[in-house]
Structures are given as C-alpha cells and as structure tokens.
Amino acid sequence: MNINSFRQFKNRRSFLRGSLATGAAMLGASAVSESKLFGKPVVPATKGDIAILSFLAAAELIEEDLWIQYAELGGIGNNQPIEVDQNQTLNNYQMALSNLDGDGPQYITSNTLDEISHAAFLNAYLVSKGAPAVNFDQFRTLAGSTATGSTGIKRLTNLMHLNVDTSWYVRYRSTTNPDLGATFPQAVNLGDVPAIPRDNNDLAGAVDPNLGVPDHIQAIANTAAFHFGYIEQGGSSLYAALSQKVSDLEVLQITLGIGGDEIAHFLEWVDFAGNGVQAPVAPLTDPTNSNVTFPDFFANLSPLTQPSLIFPVPCEFIPGLPNVSIIRPLTDKFGGAVATIESFTADGLFVGQSKKFLDRLMDLAADADAARRIF
C-alpha cells in the first residue's frame, strides 16, 4: 500500500474522531432510544457492555496502529482482489513476505483495513449509546521505522524490539488446553527482534540466491509472520472471553461478528508462519543475530510443530467429554482483557510508551474483565 493511501486512512480517522466527538455531544437519551439496528429498537447498553466495548475499541486501535506499520512497508494494493502491477518494484521486505505466500502483501493490506473498520465501528457504536469514543492520539509518541515507505508519523506501538510469544503455534497443535493448566514451549525463540525493517539498512545486504532477498530481511519477515499469528490468535481468544460477559443481544452480535473476523485472520497467519519453518525458506539464520534461527520443522517432524497442521487440533475442554476443536484460551486468566494487555506488554509492543498510557489501558482492561452478564 502506498503512502498516499495511508494518508487517506489518517485523514479519514481524523474526520471520524471529529464526527464522533460532535455526535457524542448531540446525542440525547431520546435519540439513542429511537435508533434502530437490524430494524429493531436499540436499547441503552449496560455499564458492563460499555466497558467491554470500550476495551475492545482500545485493543482495535492498538491493532490498527501496528497493522498500518506492517502495511506501509509490506502491504500492497487495496482491499479488492488484484493482480500485482508487473511494473511495480517490490522492496525486499515485500519480496521476503511473498516468499512465505505470494499473496502475503495483499493479505497484510486487507487485514489492516479490517482492523481500521473494527476500531471505527466500535467507537461509533459507543457514541451511539451516549458513551465516549476511545481516543489515544495523545499517546502517539513513538518513532517508527525510517525505511522508505514509512509515513514517519508517530506510533502507539513499537515493532522493532519484539519478544514474540510463539507458543501459540505449539498450543494449537496440542490436545491440551491452557485453561486447564497446560503450558507450551516456544516454537521459535524471538527475543528483542524487529518485525519490520527499521531503516533502509535492513532492506540491504547480499542476496541469498535461493530466496531472492538478503537472509536478514527474510528473518525479519519470518518474525513478522509469527507475530501476525500471535496478534490474531490473541484477538480470537479476547473476543470469545469477553462475549461470555455481554448482556445485550445486539452487543453480543457485535462481539461475535468481529471476533469471527479475528479468527479468519488467525487461520491465514497460521499457514503463513508455517511457511517460514519449512523449505525452501528454512532452515534460516539471521546473519546479524545468530540467536534468530528458523529451523525446517519437516526435517525433524513432530505433530506439535508440523507446518501443515493449520487447523486447531481437538483438545480437552469439559472434563469427562471428548476432545473438541476450539479456540483456546477462553477464560479471563489467559484470554481476558488484562491478560491481553499483559501479553502485549511482554511482547514489547509498548517499548518506549508512557506509564500514563499503560495505566489507561489497564484501567480499561480491568473494567472489561469486571463486567458480568445480566440475565
């Protein structure tokens, strides 16, 4: 995706924020009670539902921010099925992502547009209920990549010092369940590593003739692939965990609908990450950091790391009943709002962010986890 496209996104978000603020001031109780969705009167949401939706809006703003960074440097095209312009020159990051899937850059752009829509919709819905939209503009203070293609705008998230939790890759191939006490090893060790090119130096280097790009940028792309899966599996569990607390049926439609889209994203990135740990991309070691190694998992085949197992393996769920294929975790302890922010923090997404920002996130998360379904 080109720079102008994302400037349009930025302008659209700025316009939306202004519209939401105006709408919040103008919407009275009577206007809310008279609004309709799916042809039915819309009733005021409960305090718990507002807390859930506010946290989800916050989470989507975080996702929007990180995905825009990925799309600026690794995305391409728009949200329509297209053929890549044969005259367009891809940068080495886009080419490395294409080594994992020829449609990878398009998928990144599409995922980004989805997250933008999630954040905008949730904030608009909050305003329609008389609640304030979530706005993190004051916390957009982090410097992003300086590589060609980056807009240079300030960010909420940091993609250049990640500690990617890759245990999700093993978890979804296991018959055990974290909600029942199971733990899982890391599939690949990725500590304090970039998932985007930090500058043009990361795009340069001697080209690996088997890959068509330098090994260093391929390692960055492989890191991004596992990070994509980490982010979207987290979103899948988050929506599932918080949906169990929702009181209003309309709000439940929202959380199930957007949560289902997060699952769709996750399944694509499961396959995408698996392509980074098999031939012809793997085995691969980053020449600038020998600790970053992507083995060929087919060389020493194990069902817990087998790349071709892209669907959730049936696991234990309710004691005494058969194993079943499900999203997991599903509980607050591992998949709830507070757990999500703790995981994002450990991931390195907020390296350089202010304590005020983290406190704000944790306040929103605690309120969401405290919500209870009202029957």
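Tutor: A crossing is left-handed if the near helix is turned anticlockwise from the far one by less than a right angle, and right-handed if clockwise. Helices are DSSP runs of H or I with at least four residues, numbered from the N terminus. The model is predicted: local features need pLDDT of at least 70, side-chain atom pairs count only at pLDDT 80 or more, and totals for chains, interfaces and linings use all residues. Residues are numbered from 1 along each chain as its sequence is written, and side-chain values use heavy atoms, without hydrogens and water.

Student: Is the crossing of α7 past α8 left-handed or right-handed?

Tutor: The axes of α7 (residues 215-243) and α8 (residues 249-274) come within 8 Å and cross at roughly 155°. Axes are lines fitted to C-alpha atoms over the stretch in contact, with angles from 0 to 180 degrees between N-to-C directions. Angles over 145 degrees count as roughly antiparallel, and α7 and α8 are therefore roughly antiparallel to each other. The crossing of α7 past α8 is left-handed.

Student: Is H216 buried or exposed?

Tutor: H216 lies in helix α7. Buried means under 20% relative accessible area and exposed over 50%, with a 1.4 Å probe and protein chains only. At 8% relative accessibility, H216 counts as buried.

Student: With which side chain does the side chain of H216 make a polar contact at 2.7 Å?

Tutor: A polar contact is a pair of N or O atoms within 3.5 Å, where, within protein, one must be able to donate a hydrogen and the other to accept it, and residues adjacent in sequence count only if both atoms are side-chain atoms. The H216 side chain has such a contact with the side chain of T288 at 3.2 Å. At 2.7 Å, the partner is the side chain of D202.

Definitions and conventions. Helix = DSSP H or I, 4+ residues; strand = E, 2+ residues; numbered from the N terminus. Parallel < 35°, antiparallel > 145°, perpendicular 65-115°, else oblique.
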